[in-house]
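This report covers helix packing and salt bridges in a predicted model. The structure is shown first.

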Amino acid sequence: AGRPSSPTPRPAARPAAHTAAPAAMPASGERAPSCLSGCLAWARGRLGSSAAAGAAGARRCNRGGGSGAAVRRRTTKILTMGPVGLMRYESALSESLEAESSASCLGGVQDFIARQNHLTAPRSTIRLVSRHPHLAGLRILSRPAGLVALLRHCEVGLLESFCDECPAETLRTALPELLQHCTPRQLARTLAPLLNDPTLHQSLVVVLQQTDARRVARIIDEVEPGKLDIVLRCPASAAVMLVNATEENRIPSMLKLVQQAPAALSSLLTHSSDCRKPAAVVNYVDPEVILSLLARVSSLRIAKILDSFPPSHFRPDGGFIRFLRHLEGERKLTQDRVAPFLQIIDPEVVARLVQGVKADALLEVLRSVGAEGVARILDNTNIDLIITLWNGPLELAVSYSAGPLSFIQKDSRAAKAIKSVTDKVQLGLA
């Protein structure tokens, strides 16, 4: 009776995974313990613990705060679903994971999760073919290397979305040509990113519908990755018109513009009212001249200049084409004189001068007095008289430009007097 009573035995504690609340996400700026510990916790949860333990492990596998929250929710959902769930993973979540990869600590496993494709998700391939049986045609299956490269780099869901938007007949015609004439490497690097961007699907469908598939295949096979994505931001009808109006032997010139100035080309096509005019320039003018002008003159200004000329000036012997051809081999003149002239002079005035003055005379005046000098002369001299005089002997055109310019620069009253006199002279000549 004198012995102290022994403590009442307590029931054995239940496993911590069944009683403990899921671990809180790390606070903003707090580094997670390690990726390995999170993956091990997830594995324990899948092997016998509750789903909450796996979720906690997945949360411990992430850095905290800010934009990473969306990644954590999506990662937890995936990891607690297990391997079967990964097979059903859709691209809508993969985009979020890939865009915010800096907030995740999944390491090498993340790339597998974030970029589910039709090779790692075979059920999606079966579903895709069942919905679009024309994709299993003999001409398509006969190009296994290209087909595997495309399926490997196209995300689940986005490829299905594109196939849903594209008419079956267009796919049946275009896809075999793309697989035949494009290398697997280019299909993966150039075409797959276009299919993985849903904002480009409609433009790509229009291009495939209205353009020869072999020409499209040639463009995809020769253009570097990331360039077509930019050009296709312009209206699809404009891109189709440029591709269709470009002559076969001038395709390399067009591709050079796509490679070196995709943003400027896209902007030019967006602002052009008639894209056959830019196509004519591509057909008849050295691409180096076009690139020099696109680099120094805004695309909007060039589009307005093109719209100021009638269609007859875009024939091989048209006035505007002849003017641009005179710039071939004159890179310094193009950059230092002609580009500023096109940038600062009103497009309608540019069109009148190019139509009314011989190309060699106009370029010689530009070489002599520069774009700003020509602008001052045009502001203070009757333009019709200028056209008349500049079409005379070349020496007279240059001397007439340099003489009044010196007076205009010295005295504003002299400038007004020259303007008045030239107006009267032009009236007398008329």
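Helix α9 itself spans residues 144-153, and its buried residues are Gly146, Leu147, Ala149, Leu150 and Leu151.

## Packing of α17 on α20

Helix α17 (residues 251-260) packs with helix α20 (residues 287-296) at an angle of about 30°, and their axes are 10 Å apart. The two helices are therefore roughly parallel to each other, and their crossing is right-handed. On the α17 side the contact is made by Ser253, Lys256, Leu257 and Gln260, and on the α20 side by Pro287, Glu288, Ile290 and Leu291. By class, this contact has 4 nonpolar, 2 polar and 2 charged residues.

## Salt bridges

The model has 16 salt bridges. One of them joins the side chains of Arg127 and Glu160, at 3.0 Å from N to O. This pair links distant parts of the chain, 33 residues apart, with Arg127 in helix α7 (residues 122-131) and Glu160 in helix α10. Arg127 is partly exposed at 31% relative accessibility, whereas Glu160 is buried at 8%.

Glu248 forms a salt bridge with Arg215, with the closest N and O atoms 2.7 Å apart. Glu248 lies in the loop between α16 (236-245) and α17, and Arg215 in helix α14 (residues 213-222). Glu248 is partly exposed, with a relative accessible area of 49%, while Arg215 counts as buried at 14%. Salt bridges with shared partners also join Arg127, Arg131, Glu160 and Asp164 into one network.

Definitions and conventions
Residues are numbered from 1 along each chain as its sequence is written. This is a predicted model: local features need pLDDT of at least 70, side-chain atom pairs count only at pLDDT 80 or more; totals for chains, interfaces and linings use all residues. Side-chain values use heavy atoms; hydrogens and water are left out. Axes are lines fitted to C-alpha atoms, for helices over the stretch in contact, and angles run from 0 to 180 degrees between N-to-C directions. Helices (H or I, at least four residues) and strands (E, at least two) are DSSP runs, numbered from the N terminus. Angles under 35 degrees count as roughly parallel, over 145 as roughly antiparallel, 65 to 115 as roughly perpendicular and the rest as oblique. A crossing is left-handed if the near helix is turned anticlockwise from the far one by less than a right angle, and right-handed if clockwise. Contact means heavy atoms within 4.5 Å. Ala, Val, Leu, Ile, Met, Phe, Trp, Tyr, Cys and Pro count as nonpolar, Asp, Glu, Lys and Arg as charged, and the others, Gly among them, as polar. Buried means under 20% relative accessible area, exposed over 50%, partly exposed in between (1.4 Å probe, protein chains only). A salt bridge is a side-chain nitrogen of Lys or Arg within 4 Å of a carboxyl oxygen of Asp or Glu.
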